[in-house]
Amino acid sequence: MTYTTAIFYFFAAILVFAGLRVITARNPVHAALFLVLAFFTAAGLWMLLEAEFLAITLVLVYVGAVMVLFLFVVMMLDINLDKLREGFWDYLPLAGFVSVLLMVEMALILGSRHFGLEVMGTPVPHPADYSNTKELGRLLYTDYVYAFELAAVILLVAIVAAIALTLRRRKDSKYIDPAAQVRVKRNDRLRIIKMQAVKKPQAGEGEA
Amino acid sequence: MLDMSLDWAAIQTLAWTLLKIMALVVPLMLGVAYLTYAERKIIGWMQVRIGPNRVGFQGLLQPIADAVKLLMKEIIIPSGANKGLFILGPILVIAPALAAWAVIPFTDTLVLADINAGLLYVMAITSMGVYGVIVAGWASNSKYAFLGAMRSAAQIVSYEIAMGFALVGVLMAAQSLNLTDIVQGQTGGLHQWYIWPLFPLFIVYLIAGVAETNRAPFDVAEGESEIVAGFHVEYSGMAFAVFFLAEYANMILVAALTTLLFLGGWLSPVTFLPDGFIWWLLKTGFVLFLFLWFRATFPRYRYDQIMRLGWKVFIPITIVWIVVVSGMMQTPYGYLFH
């Protein structure tokens, strides 16, 4: 067993454990945090495959942004666990069917016919100055540029649609327009009037 | 078996790396300690006060006294708290703050790990720091702490986007993700630094850096006048000190990154003076001084203003400037941008 193999098994064990805890943890916040651990460990495994760009992006996007928002939502929800577990046996047949289907699909693709040792072989280790990032960038923007642009456009449409669906203008909500605040002039708010400071007391007045 | 392949050379490498990590972390922790001293002194002078001057000559031993005091204090765990996560919170904050330092170069040869995707690594690792804040706020089982954690999470996620876009500008100019290469790309004196062609991105990065580290005027996560101390209100003793250490280590990190990405790192501003670590130190010190200056000058932002600044001002600025830079690079004037 080499050092790399030992590290692989170490990471794999943590990944499997974290994955199991995601579905078994009673507290949803704990489950979300175990999912973070699972992502981070998966990134470590990808790093072993010399896919440093994908590994770091996994951490940056999923751990650094997506899971933060997940956790954000999960923490604010008032989840009643007993109520969630109510219909467990009713849903079991459907869930079992879906999971068997998933297993069959994975077995079809990931079998030894496509990923066996004689098909894939041992990857050749790259020299230290090999830049995985540069290589990926070159492929994405040359060979796969149409697929890449298409994916970008679909994402853009999704962003615009998400905003369009949730945007609503209420007449009665009060909000500040910073541009109007900046543009405001003294004369809009302040009126200076000339007046005598103090009225001079007239002689003989006041005593009566 | 494992013990067969882990030969003497591997153990030596491990020991050597550990020594190097120590040589990085110990000065960093000292830097953190004396940054707190500098902060109190400088803000004191700005407010026409003296600042700490009792412990040691001119108060120079004050950070040591503070550290000893915090070490001796009891760590109180609130009865309703989630104990495991309550302890984990500070660890999750300090670990990324220190881990990011692994790829920061101090001179062209003095760097712990000179990796290709250094800039990406820093972004990924620093984005993990928010978990400590959220976990600490949630595990405290206190409304103030939870509110602080929520504010901090939303703020950090928002400003990370603007910060990331600012870094995209830098990597386009340098055409590399390696921090040493990025600094080497700025060789040739003051006018070659990326601060000039990327000036809008520099401003965005600097301000987003202040926001990312939860420093004033963006310190709503711990706004003491509204939510007492935010996410770390329930922490005492060393657990609190760890949050404090992480905040200052992150400040130094952002200052060091600003130096490396926009101010030419260890390069000398004029060609007749030699390059060296002293320039790195001076520039980082200057950016840190800006942090303290901001804190002494600006009142705290209102929360909706923070969100507006991040999403509606910074992100459009960075996107426009990235388009400008990439467009200019296709013209004969592209040399101005790298």
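Modeller: Chain A has 11 helices and zero strands, where helices (H or I, at least four residues) and strands (E, at least two) are DSSP runs numbered from the N terminus. Please keep in mind that this is a predicted model, in which local features need pLDDT of at least 70 and side-chain atom pairs count only at pLDDT 80 or more, while totals for chains, interfaces and linings use all residues. Residues are numbered from 1 along each chain as its sequence is written, and chains are lettered from A and ligands numbered from 1 in the order in which they are written.

Biologist: OK, and is chain A compact or spread out?

Modeller: The radius of gyration of chain A is 32 Å, well over the 17 Å that the globule rule gives for 208 residues, so chain A is more spread out than a compact globule. That radius is taken over C-alpha atoms, and the rule is 2.2 Å times the number of residues to the power 0.38. Along its principal axes the C-alpha trace of chain A spans about 120 × 55 × 35 Å.

Biologist: How much of chain A is buried?

Modeller: Of its 208 residues, 12% count as buried, a label that requires 20 or more other C-beta atoms within 10 Å of the residue's own, with 12 or fewer making a residue exposed, anything in between partly exposed, and the C-beta atoms placed from the backbone.

Biologist: Now chain B, what is it built from?

Modeller: Chain B comes to 13 helices and zero strands. Its radius of gyration is 21 Å, close to the 20 Å from the globule rule for 338 residues, so chain B is as compact as a globular protein of that length. The C-alpha trace of chain B spans about 65 × 60 × 50 Å along its principal axes, and buried residues make up 46% of the chain.

Biologist: Which helices pack against each other, for instance H4(B)?

Modeller: The axes of H4(B), residues 83–99, and H6(B), residues 129–139, come within 7 Å and cross at roughly 165°. That angle makes H4(B) roughly antiparallel to H6(B); angles under 35 degrees count as roughly parallel, over 145 as roughly antiparallel, 65 to 115 as roughly perpendicular and the rest as oblique. The axes are lines fitted to C-alpha atoms, for helices over the stretch in contact, and angles run from 0 to 180 degrees between N-to-C directions.

Biologist: And what sort of residues make that contact between H4(B) and H6(B)?

Modeller: Among them, B:Leu85, B:Phe86 and B:Leu92 in H4(B) and B:Tyr131, B:Val133 and B:Val135 in H6(B) take part. The residues of this contact of H4(B) with H6(B) divide into 13 nonpolar, three polar and no charged, where Ala, Val, Leu, Ile, Met, Phe, Trp, Tyr, Cys and Pro count as nonpolar, Asp, Glu, Lys and Arg as charged, and the others, Gly among them, as polar.

Biologist: Changing topic, how many residues of chain B are in contact with chain A?

Modeller: On the chain B side there are 23, in contact with 22 residues of chain A. Helix H1 (2–5), helix H5 (118–126), H6 and helix H7 (143–174) of chain B each supply at least two residues of the side that touches chain A. That side of chain B divides into 18 nonpolar, three polar and two charged residues.

Biologist: Which helix of chain A packs on H5(B), and at what angle?

Modeller: H3(A), residues 52–76, packs with H5(B) at an angle of about 25°, with their axes 9 Å apart, and H3(A) and H5(B) are therefore roughly parallel to each other. A:Ile56, A:Val59, A:Leu60 and A:Gly64 in H3(A) meet B:Leu120, B:Tyr121, B:Met123 and B:Ala124 in H5(B). By class, this contact of H3(A) with H5(B) has seven nonpolar, one polar and no charged residues.

Biologist: Last one, is B:Ala296 buried, partly exposed or exposed?

Modeller: B:Ala296, which sits in helix H12 (residues 277–297) of chain B, is partly exposed, with 14 other C-beta atoms within 10 Å. Not counting residues up to four places away in sequence, B:Ala296 touches B:Ile43, B:Met46 and B:Gln47.

Terms used: Two residues are in contact if their C-beta atoms, placed from the backbone, lie within 7 Å.
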